[in-house]
Amino acid sequence: MGRRALRKIDPSLDFSKLLLEFEQLPRPWRAEAIFGRVAPLAIEVGSGKGLFLRNAAGSQPGTDFLGIEIAHRYARFAAAGLAKAGLTNGRVASADGMRVFAELIPSDSLAAIHVYFPDPWWKKRHRKRRLMNETFLQHIERTLLPGGALHFWTDVEEYFRTTLDLLAAHTRLRGPIAVPETPAEHDLAYRTHFERRMRLSNESVYRAGFRKVIV
Ligand SMILES: C[S@@+](CC[C@H](N)C(=O)[O-])C[C@H]1O[C@@H](n2cnc3c(N)ncnc32)[C@H](O)[C@@H]1O
């Protein structure tokens, strides 16, 4: 995430129930234990400041949204945003998404997985740190329900192409399904803060959808 200062969180806002540490996630996994109801579950990995979580949870009250964010101060900020909006179907886990998927998320359990603008790790010798690696993509395929969707957007064309190649080589997810750019009707009508930043500076954004089908 860009290392810009975060707005101060209102100290009177109680978001403690919306922010979960890795150790607080249920074992064995039960999304109902997190949200208090049975509903389709979507996970966003690398939620940053939480714009997607807030907008998606607000516009789809029948779905539960869990953001996983490795940087604790961003996880807190995103959880505070959900609390401020009065949303009950969103939570943020302050955790490493790779670890949550590898250790906790059962197969065939997620309606959707969202990954927006993951850290690009530009230097070649650092590329192995990328989230969208072969192992994680296989966890995406494993954990999606049949019919479930992966949404992957980035501003880095090389990361986009590499990920699409890895998906084709190592998973049977169907795609890429092209995603058209939609006009932003107000200042926060972007998928994420990063999309907003890229579009306001006229940078390209690469977007793809994938679906798990029963074969
Ligand atoms: C470039 S920012 C994009 C944030 C947000 N998705 C957006 O589009 O505005 C990438 C985010 O992913 C988080 N991140 C990186 N690796 C992660 C991991 N393994 N698990 C969870 N979050 C991660 C970073 O801390 C950062 O907030």
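Let me start with His139, which, leaving aside its neighbours within four places in sequence, is in contact with Met98, Phe101 and Ala102, contact meaning heavy atoms within 4.5 Å. This is a predicted model, in which local features need pLDDT of at least 70 and side-chain atom pairs count only at pLDDT 80 or more, while totals for chains, interfaces and linings use all residues. Residues are numbered from 1 along each chain as its sequence is written, and side-chain values use heavy atoms, with hydrogens and water left out.

His139 sits in helix α5, residues 134–143, where helices are DSSP runs of H or I with at least four residues, strands are runs of E with at least two, and both are numbered from the N terminus. Is His139 buried or exposed? His139 is buried, because its relative accessible area is 15%, and buried means under 20%, exposed over 50% and partly exposed in between, with a 1.4 Å probe and protein chains only.

Turning to helix α2, residues 51–59, its buried residues are Leu51, Phe52, Leu53, Ala56 and Ala57. Which elements do these buried residues pack against? They pack against the strands β2 (41–45), β3 (64–69), β4 (90–94) and β5 (110–116), and also against the helices α3 (72–84) and α7 (193–200).

For the whole protein chain, we have seven helices and eight strands, and 48% of the 215 residues count as buried. Of the contacts in the protein chain with a separation of 6 or more, 79% come from residues 24 or more positions apart. The C-alpha atoms, finally, fill a box of roughly 50 × 40 × 35 Å, taken along the principal axes.
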